[in-house]
Amino acid sequence: MIKAFTLMELMIVVVLIGILSTIGIIFWPTDDAKRKVAEVSTSSIYLAQQEYNSNNGGYYYTSGGCSSSTTQQIITNLFDGNKDLSEKDFYYCISGSSNSNTFKITAKNIINNCQVMRDEKNEVTESNC
């Protein structure tokens with residue numbers, strides 16, 4: 001006698017696969033979630049910039065474009081090496097002018113051209129996202 005699956009058993013398997021795949025889709029990080037993490041990180045950097053300005057009489061700036069080295073400079077100089085900005089999706093840098101007391105924090109996506117920027121007025125803008 002040949003033993004086979006019943007229709008009920010097959011339906012239960014299909015339902016279980018559907019539930020598991022839905023859970024996977026819900027918890028899979030999307031570009032929007034990654035961009036939100038970059039926005040929160042720029043907020044942390046903004047607050048550290050305010051403290052740095054208060055202690056040193058001016059804002060902190062990185063040199064060059066956004067890269068892993070400028071991200072490390074920010075961690076070292078603004079957070080005393082105690083912050084983790086290693087989301088692996090964005091590099092961070094700070095540009096601006098000490099003469100006009102302005103700065104722009106940029107979180108640049110490593111893979112695409114998406115940039116999340118926050119200025120000295122705490123205004124957030126996005127580009128290519």
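1. What should the 26 residues of helix 2 span at 1.5 Å a residue, and how far apart are its end C-alpha atoms? In this predicted model, helix 2 covers residues 31–56 and should span 38 Å. Its end C-alpha atoms lie 36 Å apart, which agrees with that expectation. Just after the helix, Gly 57 adopts a positive phi of about 75°.

2. Several residues of helix 2 are buried, namely Arg 35, Ala 38, Ser 41, Thr 42, Ile 45, Tyr 46, Ala 48, Gln 49 and Asn 53. An α-helix has 3.6 residues a turn, so residues three or four places apart point the same way. The cover over the buried residues of helix 2 includes helix 3 (68–78) as well as strand 1 (90–97), strand 2 (102–109), strand 3 (115–119) and strand 4 (124–127).

3. The structure contains two disulfides. With the bonded cysteines numbered in sequence order, their pairing is 1-2, 3-4.

4. Cys 66 belongs to the loop between helix 2 and helix 3, and Cys 93 to strand 1, so the bond ties together parts 27 residues apart in sequence. The link is left-handed, with -45° about the S-S bond. Both Cys 66 and Cys 93 are buried.

5. Cys 114 and Cys 129 also form a disulfide, their sulfur atoms 1.9 Å apart. Because Cys 114 sits in the loop between strand 2 and strand 3 and Cys 129 in the segment after strand 4, this pair ties together parts 15 residues apart in sequence. The torsion about its S-S bond is about 80°, so this disulfide is right-handed. Cys 114 is buried, at 5% relative accessible area, whereas Cys 129, at 45% relative accessibility, counts as partly exposed.

Definitions and conventions:
Residues numbered from 1 in each chain as written. Predicted model: local features only at pLDDT ≥ 70, side-chain atom pairs only at ≥ 80, totals over all residues. Heavy atoms only, no water. Helix = DSSP H or I, 4+ residues; strand = E, 2+ residues; numbered from the N terminus. Expected span 1.5 Å × (residues − 1). Buried < 20%, exposed > 50% of the residue type's maximum accessible area, 1.4 Å probe, protein only. Contact = heavy atoms within 4.5 Å. Disulfide = S-S within 2.5 Å.
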